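Colleague: I have a model open and would like to go through it with you. Can you take my questions as they come?

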Amino acid sequence: GRGGGDGGGGGGGGGRREWSTASTEEASAEKLLEQLRSSLETHQRRHQSKVYNRCFSGWQVVDWLIDKIDCENVTYVTKVWNCSIPPIQPGAKIERDEASIIAQGLMNAQVFAHLGSAADFTDDDTLYRLLDNDDLAVVLNRQVLWAHNARPAVEVSCALLKQAISLAHASGARNFAMVQEFQRMTCELQMVNLIQLPVEELRCFFINIFNVLVLHAKITSKAPAEEGHVVPRCSFFRNTSYQVGKYFYSLDDICRGILRAKKCLFLDCDPRVHFALSYGTRHTPDARVFGAATLDADLDASATKFCSERVRVDAEAREVTLPLLFEWYRKDFAPTNAALLEWIAAHLPASVAQGVCAVAKHKDLKVVYE
């Protein structure tokens, strides 16, 4: 597959990049989380007329952490969940106040939540519940509050996407220190100013930031494990977001609301953006960095590359096979099958385009999505 750097164009079926694997710290912390989710005793509880599953008391998770945290995994836990716990001796146990600090770190990481709205963990009978992906809203760039002025918006988006691609597609295990630095740098978005940004720069910024956000979720295991679950409008799209300036933008806000112009009055829907947005699955292109100055030409190139690699035509059977992306966003391209094929033909090599146009003339043409 293609290597790191700023990435290539839209992905083809046979040239997908390999994903990097979790660092030792991340893998060890995730193993502990799996144990927590599988072995912590939980119950169904009612709170303010609503019933919640997988509930437990604060003292229960403290007891569990005291039993499970040892001299080896305490190092990983403190790094991954930003907990300040001193090293412990072999065979020793952490204290209750130290376990409470770790529990607060887990709560901050949205592993579990208070049944009400409290943000602070307490080691008592207070009830909490383990969170599932469907009810987990994650803002991925709140590790620190950015205290400096931000660089220009597009410059920030390009720099972050280069970092994200390099981390996501590194050979072997990721370097945890580099992951931490990347996460810190995403906090610069808190101070980015989008006011009076030219339209093409705004479009370029949000294309890049969408791809950064997807890769960030992949890198930090916030994305669904099975790529079949990453489809438009799923909970992952609705709940995964960045703070940009004073506002919060989820993947759905960026893709549907802004780039597809469903909630944005000053951007038109350019269907070519679909060949620039990567969900990290085989159905969409690989992520690449876009610059505002060459955006129009680069979007054309990405559309041509994607269509050339994935569109197949059987003139005799009057059948055209298209990627699922065209089914997901059909209305963005054309109102009818014939019009859709004409749009696609304009982004194909002449030899293939001729066959597609010939099929488009028939009323009994067949379009297959895969």
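Predicted model: local features only at pLDDT ≥ 70, side-chain atom pairs only at ≥ 80, totals over all residues.

Colleague: How many helices and strands are in the protein chain?

Modeller: There are 14 helices and 10 strands. Both are DSSP runs numbered from the N terminus: helices are H or I with at least four residues, strands are E with at least two. The C-alpha atoms fill a box of roughly 75 × 45 × 40 Å along the principal axes.

Colleague: What percentage of the 370 residues is buried?

Modeller: 49%. Buried means under 20% relative accessible area, exposed over 50%, and partly exposed in between, with a 1.4 Å probe and protein chains only.

Colleague: And what share of the contacts comes from residues 24 or more positions apart?

Modeller: They account for 68% of the contacts with a separation of 6 or more. A contact here is heavy atoms within 4.5 Å.

Colleague: Let's go to E25. Buried or exposed?

Modeller: E25 counts as buried because its relative accessibility is 15%. The residue is in helix α1, residues 24-39. Leaving aside residues up to four places away in sequence, E25 touches Y76, K79, V80 and F176.

Colleague: How do α2 and α4 pack?

Modeller: Helix α2 (residues 58-68) and helix α4 (residues 96-108) meet at an angle of about 110°, with axes 9 Å apart. The axes are lines fitted to C-alpha atoms, for helices over the stretch in contact, and angles run from 0 to 180 degrees between N-to-C directions. The two helices are therefore roughly perpendicular; angles under 35 degrees count as roughly parallel, over 145 as roughly antiparallel, 65 to 115 as roughly perpendicular and the rest as oblique.

Colleague: Which residues make that contact?

Modeller: On α2, W59, V61, V62, D63, L65 and I66; on α4, R96, A99, S100, I102, A103 and L106.

Colleague: Which residues of α13 are buried?

Modeller: In α13 (residues 337-345) they are L340, L341, W343, I344 and A345. Their cover includes α10, β9, α11, α12, α14 and β10.

Colleague: Rings next. How many aromatic pairs are there?

Modeller: The whole structure has 19. Rings of Phe, Tyr and Trp (its six-membered ring) pair if their centres lie within 6.5 Å; planes under 30 degrees apart count as stacked, over 60 as edge-to-face and the rest as tilted. One of them is F210 with Y279, with centres 5.7 Å apart and planes at 55°, so this pair is tilted. F210 is in helix α7 and Y279 in the loop between α9 and α10, so the pair ties together parts 69 residues apart in sequence. Both residues are buried.

Colleague: What about F236 and F237?

Modeller: Their ring centres are 6.2 Å apart and their planes at 70°, so that pair is edge-to-face. F236 and F237 are both buried. Together with F210, Y279, W328 and Y329, these two form one aromatic cluster.

Colleague: How many disulfides?

Modeller: 0, taking a disulfide as a pair of cysteine sulfur atoms within 2.5 Å. For C83, the nearest cysteine sulfur belongs to C187, 17 Å away. For C307 the nearest is that of C357, 12 Å away. C307 is buried, with a relative accessible area of 0%.

Terms used. Residues numbered from 1 in each chain as written. Heavy atoms only, no water.
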